[in-house]
Amino acid sequence: MKAFARLLERLAFTPARNAKLTILSHYFQTTPDPDRGYALAVLTGTLDLRQVSPSLLKRLASERVDEQLFRLSYDFVGDLAETIALIWPTDAEVSTEVSLSQAVLLLRETGKLSLPGVIADLLDRLTAPERLAFLKLATGNLRVGVSVRLAHTALAMGTLRGSEEIEEIWHGQAAPFLPLFTWLAGGPSPAPASAPFRPVMLSTPITAEELAPLDPTRHIAEWKWDGIRVQAVAEDGMRRLYSRTGEEIGAAFPDIIEAMTFEGAVDGELLVRRGAEIAPFADLQKRLGRKSVGRVLLQSHPAALILYDILAWRGEDLRPLPLSSRRARLEAAPFDSPRIGLSPLLPFETWEELARLRAAPHAPVIEGVMIKRLDTPYIAGRPRGPWFKWKRDPMVIDAVLLYAQSGHGKRSGFYSDFTFGLWEGEELVPVGKAYFGFTDEELRELDRFVRRNTVQRFGPVRQLAPKLVVEVAFEGLNVSQRHRSGVAMRFPRISRIRADKPAADADRLETLRAML
Amino acid sequence: MTLRAEDVIYPTEAGLYCAPGDFYIDPLRPVPRAMVTHGHSDHARPGHGAVMATRQTLDIMAIRYGEDFAASRQIAEGPVRIGGVTASFHPAGHVLGSSQILINPDDGPRILISGDYCRTPNPVCLPWEPVACDIFITEATFGLPIFRHPNPLTEAGRLIASIAEFPNRPHLVGAYALGKAQRVIALARAAGHHGPIAIHGALKRLCDYHVDQGIDLGPLVAASDPGEAQLIIAPPSAFASPWVQRFRDPVLSYASGWMTVRAHARQRGVELPLVISDHVDWPQLTATIRELAPREVWITHGAEDGLTRWCEIEGIPSRPLRLIGYEDEPE
Ligand SMILES: [Zn+2]
Ligand SMILES: [Zn+2]
């Protein structure tokens, strides 16, 4: 458990993706089976463990520690699991090693009645960092910022396999993943899963200038919807809905699962659609991330699939076929549900015609167009060339910098996280945060501005004199109850520093609301 | 007539005052006569008339404030009689030159002022020494049972392991200029880091002084020209300044007892929190009180509520002095 505790601690304090990958891959390479497999399961959220309630933990602590000292400590630490991990009285400085596997099995197999005793006994045998790791595990509250995709990338590092290959077999595997690790080390392929995920093909951004030399007749174009990319697989009696990183999200979309009466694997966009009208992303967000969905929500926020590709059909792998053939197969395939439709092809003969379509989409949930070359097979990953996204020009607004906070990793020592605001009457109202968009040179300029114009500090946050105007570009707007401004921007970034513009001339909140 | 402890020593606005001897201990503002436990800036301040401290503490004050930091100074060597009391200095194990001060009235209770103290072996100073007393005046910086400092060598091992894991990222450790910085260097050496260690300019004179005093810190280079050095030590304040910008993708670390608590480490924005403290932790604090078995415990600064509660449970009379002006883990 010591190595696992160290891993969690390092991950929790390491913000940069690359550093997280290094830490994870070292862990997988140096930790024996079955512990590394259980760690993998814990990090990717694929382990179903009994959850220990905060009240049980509080009760355990109260049996060991004076109530007043506990309360003082809890006030100071601010986190229950951490307080108990630190305060738990033990005699032995050095503990006999309890493995992660043992801890996991205990949580899995202990009955409800004997659970308190088993936990107390285990806490007695662990060091403080291990106690914290165990308690975070037991309360299901890891918060270390590791996605399934990140874990796959780390697993692939230093092996002969690629992360796409791992994604492909991932769904047949379970903790402690012994066949997976054997395969990564050069052993035989693990047993295939039923209705497996196929790693997706991704697009790269393109501009009008880059598009010009390409031949429009060798490409098709479709709307780029503002939903989420999914893969719907119905094979051998199994129906699974995957996100584009291979995470299963079917539990939140029983209406889609029910509509998957075909035998194959298709690629498309998941959206909320009422009749013919496609709802904004915020509506889809209400459905995402749920373990189950009630009838009311199913009716008020019905989901739909817009398909743009077909990867397998009735046992045949279609991925090696060129897009032109796949599109024909897709159009010929029967989907007998009103929830599933095809992504329409846009009529255009020149890029100028496509540009006109792109500039005036018929629905606000369209964020640009996708351009796909007709002669290429379905290639996992992000090959440059066959698929492009040509996004609508972003919206921009001129805002005033209000607060700044320093960054991490490569931006250590620089103020790089900014809160900006717009005028409402005589007041500047914060409307969003931006962490990127600027060049290194601009970052230095912003940093200098922050240091010279701080009016007050709150811990790591600096409040700034409201003097500097920045142009903020963003991809869309949603109504938001949580923001004081009433709107939330999508992907806001600082696209330009407007040192030339006085703060009084920055945009007003009404202007932003009018863009809704 | 027998003096009561409250008549021998009591808190005033200028700090703890010893009435029969007419002097202050670690005064917070300029006074005619002061005894100073150690060189941290919240305990050792400039501008007093006469200062008595260990030779090393006096040297450190001269390095920090200039030779004229006080009108006159006296090296504490052996017991001295002042007024109706005898005062003596005893090692506190906190930083180089740090002492506890025992006040022994001719007729009255023996009073021990701990100053800041540490009982984990510290390679840069003499170890804490038990001194029999009737009244124990202690700090309680880490006076809550959540504070159990790990073995500092284990923490140094974590630093060395991170350097091995990220050999191309410079490791910047924030450590206070007096004591912590030198201790971190000595610990890194003990954990097997033999290469050059770069130090921020603000640490130079104090590191030189430790070397003069016979403490081996190994090869040190200036952080302004770190060369191949993978490990850089700087005062924590440097992290918030543009000074950090010269390092590419650094791993920020911070060595302090406060790093026990994650929220504190997060607030500092560090990637590698190291729990290395120059103060007693909770088990040491409570064990010290049990060991000295004083009649009464007085608490100068820190988490006094926690320690007061513990004394109550143990049946030891205690009182907080609520001295304002000492930082939590300062320098
Ligand atoms: Zn001190
Ligand atoms: Zn102090």
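Buried residues make up 61% of the 331 residues in chain B; buried means under 20% relative accessible area, exposed over 50%, and partly exposed in between (1.4 Å probe, protein chains only). The model is predicted, so local features need pLDDT of at least 70, side-chain atom pairs count only at pLDDT 80 or more, and totals for chains, interfaces and linings use all residues. Residues are numbered from 1 along each chain as its sequence is written, chains are lettered from A and ligands numbered from 1 in the order in which they are written, and side-chain values use heavy atoms, with hydrogens and water left out.

**Overall build of chain B**

- Chain B holds eight helices and 19 strands. Both are DSSP runs numbered from the N terminus: helices are H or I with at least four residues, strands are E with at least two.
- The radius of gyration of chain B is 20 Å, close to the 20 Å that the globule rule gives for 331 residues, so chain B is as compact as a globular protein of that length. The radius is taken over C-alpha atoms, and the rule is 2.2 Å times the number of residues to the power 0.38.
- The C-alpha trace of chain B spans about 70 × 45 × 30 Å along its principal axes.
- Of the contacts in chain B with a separation of 6 or more, 61% are between residues 24 or more positions apart. A contact means heavy atoms within 4.5 Å.

**Surface and charge of chain B**

- The accessible surface of chain B is about 12,100 Å², and carbon and sulfur atoms contribute 51% of it. Areas come from the Shrake-Rupley method with a 1.4 Å probe; for residues, only the protein chains shown count as cover.
- Chain B carries 28 positive and 37 negative charges, whose mean positions are 3 Å apart. Lys and Arg count as positive, Asp and Glu as negative, while His and the chain ends are not counted. Each charge is placed at NZ of Lys, CZ of Arg, CG of Asp or CD of Glu.

**Salt bridges**

- Over all chains, the structure holds 50 salt bridges. Each is a side-chain nitrogen of Lys or Arg within 4 Å of a carboxyl oxygen of Asp or Glu.
- D66(A) and R309(B) form one of them, at 2.6 Å from N to O. D66(A) lies in the loop between α4 (54-64) and α5 (67-77) of chain A and R309(B) in helix α8 (residues 304-314) of chain B, so the pair joins two chains. D66(A) is partly exposed at 23% relative accessible area, whereas R309(B) is buried at 15%.
- E13(B) and R29(B) also pair through their side chains, at 3.7 Å from N to O. This pair links distant parts of the chain, 16 residues apart: E13(B) is in the loop between β1 (9-12) and β2 (15-18), R29(B) in the loop between β3 (23-25) and β4 (33-35), both of chain B. E13(B) is exposed at 63% relative accessibility, and R29(B) is partly exposed at 42%.
- In the salt bridge of E271(B) with R169(B), the closest N and O atoms are 3.1 Å apart. E271(B) sits in the loop between α6 (262-268) and β17 (272-274) of chain B and R169(B) in the loop between α3 (152-165) and β12 (171-174), so the pair ties together parts 102 residues apart in sequence. Both E271(B) and R169(B) are buried.
- Salt bridges with shared partners join E222(A), R327(A), E331(A) and K372(A) into one network.

**Backbone exceptions**

- Most residues other than glycine have a negative phi, and most peptide bonds are trans.
- The D33(A) to P34(A) peptide bond is cis, with omega near -5°. P34(A) is in the loop between α2 (17-30) and α3 (35-43) of chain A.
- A175(A) and P176(A) are joined by a cis peptide bond, with omega about 0°. P176(A) is in the loop between α11 (163-170) and α12 (178-184) of chain A.
- A195(A) is not a glycine, but its phi is positive, near 50°. A195(A) lies in the loop between α12 and β1 (204-205) of chain A and is buried, at 1% relative accessible area.
- D249(B) is not a glycine either, and its phi is positive at about 45°. D249(B) lies in the loop between β15 (231-234) and β16 (251-255) of chain B and is buried at 15%.

**Around A81(A)**

- A81(A) is in helix α6 (residues 80-87) of chain A and is buried at 8% relative accessibility.
- Leaving out residues up to four places away in sequence, A81(A) touches L132(A), L135(A) and K136(A).
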